[in-house]
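This report walks through selected features of a chain, from strand pairing to helix packing and backbone angles. The sequence and the structure come first.

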Amino acid sequence: MKRLFILSAFVVGLLLSSIATASNFPTEEPVGGEPFGYSTTNIGDGLYVFRWWVYRNIFLVTDEGVIVTDPINPKVANQLLSEIRKITDKPVKYVVYSHNHHDHISGGKVFKDQGATFIAHKNVLKELGDHPSPVTPLPDITFEDEYTVQLGGRTLELKYFGPNHGESLVVMRLPKEKILFIVDIVTPRRVAFRTMPDFWPDEWIRSLKEIEQMDFDYVISGHGPETQPAIDPASVVEEQRVYLEDLMAAVKKAMDSGSHNPDVLRKTVKLPKYENWQYYKEWLPMNIERIWAYYHMGW
Ligand SMILES: [Zn+2]
């Protein structure tokens, strides 16, 4: 109980001040003015958020070893391992994939070589079979609906909500800490990613509604810039869902009133409520085109 209180106090502190620790990569070529950098943030009680550029994962250090999530890519996985080695010399026992997309789960070989067991939803096996990657080890353990990873007295629960972004995305929950790690389907205070590749809008909303029913107080998201806190309040899940509902309603309303040209919709549909969300100006027109396709083509 005391430990939980300390963790909660730590988390609240993070929410208020967004303290990030650790050092930065030597700056490589900037993309869109944003340099690649990394940071490792201690959330408390052995839980860390590792960030590279706009990508994040979590790792959990226990008395018996380390549980790592999404290795991201080969170069970053090496950096992640050296960050872990600054904290513990315990072995990395498990690597958990959030979903099948190569931009999140490449590079695990460095952990495989040390004997880590890889865990993912069963559809990752099929998807990696269809789109193989030489730098992405196949999962050793797969599951259908739920799986619980236990190590050193710590627990990480994995839950599948059906198709939403691809067909293999799992949400991870630390039950004692009441923290969710959610990749791609919740990115706080940002409109949906570009043309929403491999996102199924209706299934995405359904999944978020189901996630909202889970027992959790905080969210760590798989994306977020350096300037965002490593951890957010639970309300970001609902905010993401309401954004999608508002987006779909606005596009549908425009189409119902006779506008069916996606080039016109991109210019005329506005969502002023979200003007201060990241990439509103750049990506909203792409979000609109995706939703136009959903209503126009039926998927
Ligand atoms: Zn993805």
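Two strands are taken to pair if DSSP finds at least two bridges between them. The model described here is a predicted one, and in it β8 and β9 form a hairpin with 2 residues between them, where Gly 152 in the turn has a positive phi of about 55°. Strand β8, residues 146–151, pairs with β9 in the antiparallel sense over 6 bridges, and Tyr 147 has Leu 158 in β9 as its bridge partner. Strand β9 also pairs in the antiparallel sense with β10, residues 170–174, over 4 bridges, and there Leu 158 stands opposite Met 172. The two faces of β9, which comprises residues 154–160, can be told apart: Arg 154, Leu 156, Leu 158 and Tyr 160 make up the covered face, whereas Thr 155, Glu 157 and Lys 159 make up the uncovered one.

The largest nonpolar core has 70 residues, and Phe 59 and Val 96 are those with the most contacts inside it. Helix α7, residues 235–256, gives the most to this core, with 5 residues. Leaving aside neighbours within four places in sequence, the contacts of Phe 59 include Tyr 48, Phe 50, Val 66 and Ile 84.

Helix α7 has 22 residues, which at 1.5 Å a residue should span 32 Å, and this agrees with the 31 Å between its end C-alpha atoms. The buried residues of α7 are Val 237, Gln 240, Arg 241, Tyr 243, Leu 244, Leu 247 and Val 251; because they cover an arc of only 155° around the axis, they lie on the same side of α7. What covers these buried residues includes α6, β12, α8 and α9, while the face turned away from the buried side carries the exposed residues Ser 235, Ala 249, Lys 253 and Asp 256. After α7 comes Gly 258, whose phi is positive, near 110°.

Most residues other than glycine have a negative phi.

| Residue | Phi | C-beta neighbours inside 10 Å |
|---|---|---|
| Asp 184 | near 70° | 23 |
| Asp 198 | near 65° | 15 |

Asp 184 counts as buried because it has 23 C-beta neighbours inside 10 Å, where 20 or more are needed. Asp 198, with 15 such neighbours, counts as partly exposed.

How values were computed. Residues are numbered from 1 along each chain as its sequence is written. This is a predicted model: local features need pLDDT of at least 70, side-chain atom pairs count only at pLDDT 80 or more; totals for chains, interfaces and linings use all residues. A residue is buried if 20 or more other C-beta atoms lie within 10 Å of its own, exposed if 12 or fewer, and partly exposed in between; C-beta atoms are placed from the backbone. A nonpolar core is a set of buried Ala, Val, Leu, Ile, Met, Phe, Trp, Tyr and Cys residues joined through C-beta atoms within 7 Å. Two residues are in contact if their C-beta atoms, placed from the backbone, lie within 7 Å. The expected span of a helix is 1.5 Å times one less than its number of residues. The arc is that of the directions from the helix axis to the C-beta atoms.
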